[in-house]
Structure formats: C-alpha cells, structure tokens
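Dear colleague,

Please find below the sequence and structure that I am handing over to you. My notes on what was found follow directly after.

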Amino acid sequence: MTDQHPTRSTEAFFGRRKGKQLRERQAEGLEKLLPSLRLDLHSQPPADVADLFPVSVDTVRLEIGFGGGEHLVHRAEETPSTGFIGVEPFVNSMAKLLSRVDELGLSNIRVYDDDATEVLDWLPDASIDRIDLLYPDPWPKRKHWKRRFVSQVNLARFHRVLKPEGLFCFASDIDTYVNWTLLHCRDHGGFDWQARQSSDWLTPFEGWPGTRYENKARREGRSSAYLTFRRV
Ligand SMILES: C[S@@+](CC[C@H](N)C(=O)[O-])C[C@H]1O[C@@H](n2cnc3c(N)ncnc32)[C@H](O)[C@@H]1O
C-alpha cells in the first residue's frame, strides 16, 4: 500500500457512493460477505495473485466499475478457473453483487469497494491477465474530460500490472470517449490495438452478456464500440 495521499491527479472516483437505502437482505449480505471478500490493501499483496482466491485459478482478471455486476457474475460462472477482482465504490451495486455471489456460491470473486486506482497501486507488477473497463463514467462535457478513468496516469498503472500480452478491454457508447481512449493508448505506446477492420470494434467481446449501461444506451439509440488492446 502506498503512503501517498490521493490527490485529484492520482485518484479517479468522482461519482456517488450511496443510493437508496439497502433492502434488509442486501444489507445483511454486505455485512456478511464484504469483510471476507474485500481485498485488504493494508496487507502485502501475495507474490502470486492467484493466492487471493480460495480455489485454484490459472488466470486473474480485474473489472473496474462493475455496476450491477451482471458481466462480472456471468464471467465468474463461465470460467471458474479464472479469479476475478471486481471494483465498485457504489454501495448499492456492491450489495447487489454480493447477494448474487452468495446465491450462486461463487468462490472465484474478490472485491474492493473504493477507487480502483488503489487496487492498481497495490497489485504486483505483471500480475493480471486482463482488465475490463466497461462503460466507464463518460464525462461527456469537455470541461470534465480530465475526470475520465482513462488517462496517462491510469494507463501507466494498467501497463505495470498487466502481464506482457495481457489485455485491456474497453467498451463505451460515447464517441468522444472511444476516440479519447484510442488516442491515449496510442500516445502511451505500450498498448497495441487489436482491431484490423471495423467489425472488430463494432462486435462485442467474445461471450459478451451485455451490461446494464449498454442496454440503456441501446434503448436511447446509441451503439457501442469494443476496443481490445494487448499490452506490449
Ligand atoms: C457508467 S457505470 C457502468 C457500470 C457497468 N460497468 C455497466 O456497464 O453497467 C460506471 C461505474 O464505474 C464506477 N466507478 C467510477 N469511478 C470509479 C473508480 N475510480 N473506481 C472504480 N469504479 C469506479 C461507478 O460507480 C459506476 O458504477
């Protein structure tokens, strides 16, 4: 854990942490499961992040801002031999995820309920196989673009924690954010965009279950882009 105090240029959470009051069952789930599934960033990370999971896993993925958790749960069920770290500061979303984890008995998920940059700074170098950043808060107004999660500071974090050849997958329905991410990755130089033709970024990732924000965007008439970068 770094001793540095977060500053506006290093932290990346600007949203709401709480919504409407939790239902009793959700509050109980949060109280019961969060303490055991939450990463303890005050402890040293294990040399092998697979050891964060009580089951044997051969790859580890990080999902930043999982929202309703539909994608995270789907992936965790689909690939029990992959460990997932899900990060989401919004309490109601965390409660919802944990109640699904409990219902389904998933043991390949660990969570963190605050800013993902803290997890990124805690993780060892070259420890993660894939980072999913799916429909990050778009901050569509130009004066707010600097709040976007994709920044040179955060790409440097991604680059440090991803294994060589690891993937950074990004989805958004906001054109300016898609362009922003392409330009930032190009300028960083350590991410190779995998698309060769337009269908590559217009087609969702393999096995894609969709997300709540994507459904909302579609209802409002916005299509999405799916960008895959390989860490070089
Ligand atoms: C637009 S929502 C998308 C949620 C989900 N991925 C989906 O597609 O439905 C963005 C999410 O990112 C979370 N978020 C924003 N800043 C974050 C940060 N610094 N670290 C982790 N999560 C963050 C928000 O709380 C919110 O739930």
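A171 counts as buried, because its relative accessibility is 0%; buried means under 20% relative accessible area, exposed over 50% and partly exposed in between, with a 1.4 Å probe and protein chains only. Before the remaining findings, please note that this is a predicted model, in which local features need pLDDT of at least 70 and side-chain atom pairs count only at pLDDT 80 or more, while totals for chains, interfaces and linings use all residues. Residues are numbered from 1 along each chain as its sequence is written, and side-chain values use heavy atoms, with hydrogens and water left out.

Surroundings of A171 and Y226

A171 belongs to strand β5, which covers residues 162–172. Helices (H or I, at least four residues) and strands (E, at least two) are DSSP runs, numbered from the N terminus. Not counting residues up to four places away in sequence, A171 touches L133, L134, Y135, P136, F205, A225 and Y226, where contact means heavy atoms within 4.5 Å. The C-alpha atoms of A171 and A225 lie 5.7 Å apart in space, although 54 residues separate the two in sequence.

Y226 is found in strand β7 (residues 225–231). With a relative accessibility of 5%, Y226 counts as buried. Leaving aside neighbours within four places in sequence, the contacts of Y226 include Y135, F170, A171, W208, E214 and R218. The side chains of Y226 and E214 are joined by a polar contact of 2.4 Å. A polar contact is a pair of N or O atoms within 3.5 Å; within protein, one must be able to donate a hydrogen and the other to accept it, and residues adjacent in sequence count only if both atoms are side-chain atoms.

The ligand site

There are 17 residues around the ligand, and A12, G65, E88, L134 and T211 come nearest; a residue is near a molecule or strand if one of its heavy atoms lies within 4 Å of it. A nitrogen atom of the ligand lies 2.8 Å from a backbone N or O atom of G65. For L134, a polar backbone atom is 2.8 Å from a nitrogen atom of the ligand. The side chain of T211 has an N or O atom 2.7 Å from an oxygen atom of the ligand. Taken alone, the ligand exposes 600 Å², of which the protein buries 93%; accessible areas come from the Shrake-Rupley method with a 1.4 Å probe, and for residues only the protein chains shown count as cover.

The ligand takes up the space of the largest pocket. On a 1 Å grid over the protein atoms alone, a pocket is an open set of points with protein on both sides within 12 Å along at least five of seven lines, whereas a cavity is a set of points where a 1.4 Å probe fits but cannot get out; lining residues have an atom within 4 Å of a point. A molecule sits in a cavity or pocket if more than half of its atoms lie within 2 Å of its grid points.

Backbone angles to check

Y135, in the loop between β4 and α5 (152–161), has a positive phi near 50° and is a residue other than glycine. Y135 is buried, with a relative accessible area of 8%. A126, which is not a glycine, has a positive phi of about 45°. A126 lies in the loop between α4 (116–122) and β4 (128–134) and is partly exposed, with a relative accessible area of 36%.

Other positions

D129 is found in strand β4. Residues up to four places away in sequence not being counted, D129 touches T59, V60, L162, K163, G166 and L167. The C-alpha atoms of D129 and A171 are separated by 18 Å, and the two are 42 residues apart along the chain.

H184 is part of helix α6 (residues 175–188) and counts as buried at 16% relative accessibility. A polar atom of the H184 side chain lies 2.8 Å from the backbone oxygen of W180. Beyond four places in sequence, H184 touches V150, S151, Q152 and L155.

V55 is placed in the loop between α1 (24–37) and β1 (59–64). V55 is partly exposed, with a relative accessible area of 31%. Apart from neighbours within four places in sequence, V55 is in contact with A50, S107 and N108.

With kind regards
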